[in-house]
Structure formats: C-alpha cells, structure tokens
Amino acid sequence: MDRPKPRFKVSPLAAKTKFRKALSDWFGQVGKDYPWRRTREPYPILVSEMMLQQTQIATVLGKGYYTRFLEKFPDLESLASADDESLLKAWEGLGYYRRARMLRETARAILTNHDGKFPQDERALLDLPGIGPYTAAALMAFAFGKPSGLVDGNVSRIFARLMADASPIDEQAVIQKHREWALELCDPISPDIHHHAMMELGQTICRPGRPACEWCPISSYCECQEPEKLPNKKPAVAITGIDEYAIFCRDSAGRILLHHESGKRRNGLWKLPLRSSTECLGLGKIYEATYAITRYRVSLKVYLSDPDHLFVAMLGDEWTDLDRLNELPLAAPFRKALNTILCDF
Ligand code: SF4
C-alpha cells in the first residue's frame with residue numbers, strides 16, 4: 001500500500017547544507033555508474049552531454065553510440081578534422097544531426113581559439129559554437145568541479161514540485177529562476193555529485209506523472225501536496241501531419257537510386273529520393289511508416305519504381321552500389337525503410 005507523502009518541514013533554500021547532504025547520501029547508495037560519471041576529462045563529458053540532449057541514456061549507452069563515437073573520434077583533433085560523411089555516419093540513428101556538426105564546430109573553435117584547451121570559465125564556454133547554458137553549466141560542474149546552475153527537464157520538474165510552483169517550467173523567466181536556485185543549492189565541495197543526484201532523482205523518484213514521494217530523500221523539503229499535477233508547461237505546439245512520397249528504384253546492375261541531401265535539416269545525409277504524389281500515381285506502394293520530427297508527424301510512403309519509368313532525376317540523386325549502403329549516413333526513417341524493403345526486393 002502507498003505511504004502518504006511526508007510532510008513539508010523547511011524550504012531547501014533555508015537549509016542548504018542539510019538538503020545537499022540528504023541528496024548526496026541517497027545518491028551514494030543508489031547512484032548509477034555511467035562512463036561519463038567516471039571521468040573529469042571535458043571532451044568525453046561534452047560528447048555525452050551533446051548526445052543526451054535529445055536522446056535517452058538507454059539508446060546512447062545501450063546501443064553503443066557513445067563508445068563507438070569516442071573510439072572513432074577520441075579527441076578534439078580527430079573530431080575537428082572529421083569529414084561530413086564519417087561524422088554523420090558515427091551519429092547515424094541518434095537523429096538531430098545538427099548536434100554532430102556543432103560538436104565538430106566546438107572542437108575546431110577550442111583548437112583555434114584556446115590552444116586546444118577547454119576554457120574553464122562559463123562565459124568563455126558560452127562563446128563557443130554549440131554550447132548553451134546547460135552544456136556550459138554541465139562542463140563547469142562535471143569537468144572542472146565548480147558550482148553551476150545546471151538545470152535539465154528533470155531538475156525543472158523537481159523545482160516546480162519542491163516549491164509548489166505552478167508557473168510553466170518552459171517560460172524564460174522560470175528557466176532563469178531555476179538556474180538561480182540550482183546554483184544556490186549546488187554543493188560547492190562536490191558540484192558534480194550534487195547535479196548527478198538531482199538528475200537521477202528526477203529520473204527515478206520525482207519522475208513524470210506520479211512520483212515516488214515515499215522514497216524521496218528530500219521529501220521533508222518539498223512543499224507540494226499534489227505533485228502529480230506539476231510541472232506545468234506552456235500550451236503545446238500543434239502537431240502537423242504531412243505525407244512524404246519516396247521511390248525505391250533498382251537498375252539492372254543492382255544499384256539503388258539514393259538522394260544526397262543538401263537542405264538545412266539533414267544536410268549531408270542520404271535518403272530515398274522523394275517525389276510528388278502525382279509522380280507516384282500508378283506505382284505500387286511497398287512500404288509505409290510514420291515518424292515524428294520536431295512538430296511534424298510524417299507519413300512516409302515508398303513506391304516501387306522501374307528505372308524505365310518516366311521520372312525526372314533530381315539534383316542530388318545518385319545510383320549507389322548496395323555494398324556502400326552500410327558506409328553511408330542514412331536518415332533513420334529511410335534506413336528502417338530500406339532494411340525492410342531489401343528483405344523483399
Ligand atoms: S518525489 Fe518530488 S514531489 Fe515527491 S517529495 Fe520528492 S521532490 Fe517532492
């Protein structure tokens with residue numbers, strides 16, 4: 001049977017030392033061991049933070065992305081000199097490919113402007129391309145052992161509940177207020193452990209939906225009586241459904257027609273060539289799946305096309321040998337489509 005939520009006694013801001021100790025004692029007992037928690041080297045920490053921004057730990061770690069990326073690009077120099085194709089290939093499957101390019105830009109800027117050494121100052125970190133307030137605060141605490149106002153989605157949720165604050169956590173003023181609280185509460189002796197503990201508490205105890213307050217190490221500092229109703233967010237942006245029509249076409253030599261993207265979103269990635277719905281009229285549909293990207297829900301439909309079928313080859317379309325397929329960086333929805341289609345054709 002559920003135990004009732006323990007009663008609020010005192011604000012964490014009025015009892016910082018005890019609050020920090022309760023949190024770090026708990027983390028000492030249950031904290032998970034991730035490779036980026038075992039190092040103070042800023043480069044692997046930066047790679048982990050960039051990967052984890054929009055991807056779950058289970059994917060980054062369980063599917064080997066983090067380890068493989070660091071094997072391929074073990075330091076700033078190797079990353080800075082990476083060409084587009086090998087960089088995107090190492091990132092394939094993680095999505096949001098802009099992160100990989102920004103990571104390379106950061107490496108180049110550190111080599112060019114800082115003699116290859118990460119600046120240990122938050123303002124200088126923020127001046128680097130691709131480094132925002134979250135990543136700068138993470139590097140300050142995890143790599144350089146300095147207190148910082150580190151706030152991710154987990155920490156925001158904890159703050160909203162701790163302070164029983166119904167303001168939308170994605171409003172700029174609230175984000176700023178949470179950064180100030182995070183800095184004020186941060187343990188100056190072990191800022192890394194403090195922030196790891198906060199994030200882990202948000203992942204495991206003060207989780208979305210119904211938190212496990214009965215097991216919470218900081219429940220006596222928590223003012224919230226109905227935590228399952230918090231946090232609040234600004235009204236969600238409407239999701240727009242769109243259709244994508246692609247063709248699968250193979251020539252007599254067994255090559256597949258692919259398209260090399262030059263647009264903004266997936267620049268440098270490969271995919272099946274897209275056509276209009278009218279151009280696909282009369283072709284047989286061989287695959288259909290949906291995927292989500294930003295505020296779109298895309299319905300991808302793939303049609304079987306004969307090389308002799310009348311269609312206009314577009315700039316960027318290329319006949320590609322099948323054995324190159326595994327070397328090329330492919331957008332994940334198209335990799336999935338091709339894996340399925342190639343079992344049948
Ligand atoms: S789990 Fe969250 S809501 Fe529950 S007591 Fe802890 S901080 Fe408060």
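Colleague: Which residue in S7 stands opposite histidine 259?

Modeller: This is a predicted model. Strand S2 covers residues 256-260, and S2 is joined to S7 by four bridges, running antiparallel. Across from histidine 259, the residue in S7 is aspartate 317.

Colleague: And which residue in S3 stands opposite histidine 259?

Modeller: S2 also pairs with strand S3, residues 270-271. That pairing is antiparallel, over two bridges. In S3, histidine 259 faces lysine 271.

Colleague: Is strand S2 largely enclosed or largely open?

Modeller: Count the neighbours of each residue. A residue is buried if 20 or more other C-beta atoms lie within 10 Å of its own. Four of the five residues of S2 are buried, so the strand is largely enclosed.

Colleague: Which strands stand at the edges of the open sheet?

Modeller: Four strands form this sheet, in the order S4-S1-S6-S5, with mixed pairing. An edge strand here has a single partner, so one of its sides has no neighbour in the sheet. The edge strands are S4 (274-275) and S5 (284-293).

Colleague: Which strands does H13 touch?

Modeller: H13 packs on the sheet. Its direction makes about 150 degrees with that of S5. The strands touched are S1, S5 and S6.

Colleague: Do S1 and S6 pair in the parallel or the antiparallel sense?

Modeller: S1 spans residues 240-249 and S6 spans residues 296-305, with 10 bridges between them. Tyrosine 245, for one, stands opposite lysine 301 in S6. The sense of the S1 and S6 pairing is parallel.

Colleague: How far apart are the centres of domain 2 and domain 3?

Modeller: The chain divides into domain 1 (41-144), domain 2 (145-235) and domain 3 (240-344). Taken over C-alpha atoms, the centres of domain 2 and domain 3 are separated by 43 Å.

Note on methods. Residues numbered from 1 in each chain as written. Predicted model: local features only at pLDDT ≥ 70, side-chain atom pairs only at ≥ 80, totals over all residues. Domains from an automatic or database assignment. Pairing = 2+ DSSP bridges. Contact = placed C-beta atoms within 7 Å. Axes fitted to C-alpha atoms, helices over the stretch in contact; angles between N-to-C directions. Buried ≥ 20, exposed ≤ 12 C-beta atoms within 10 Å, placed from the backbone.
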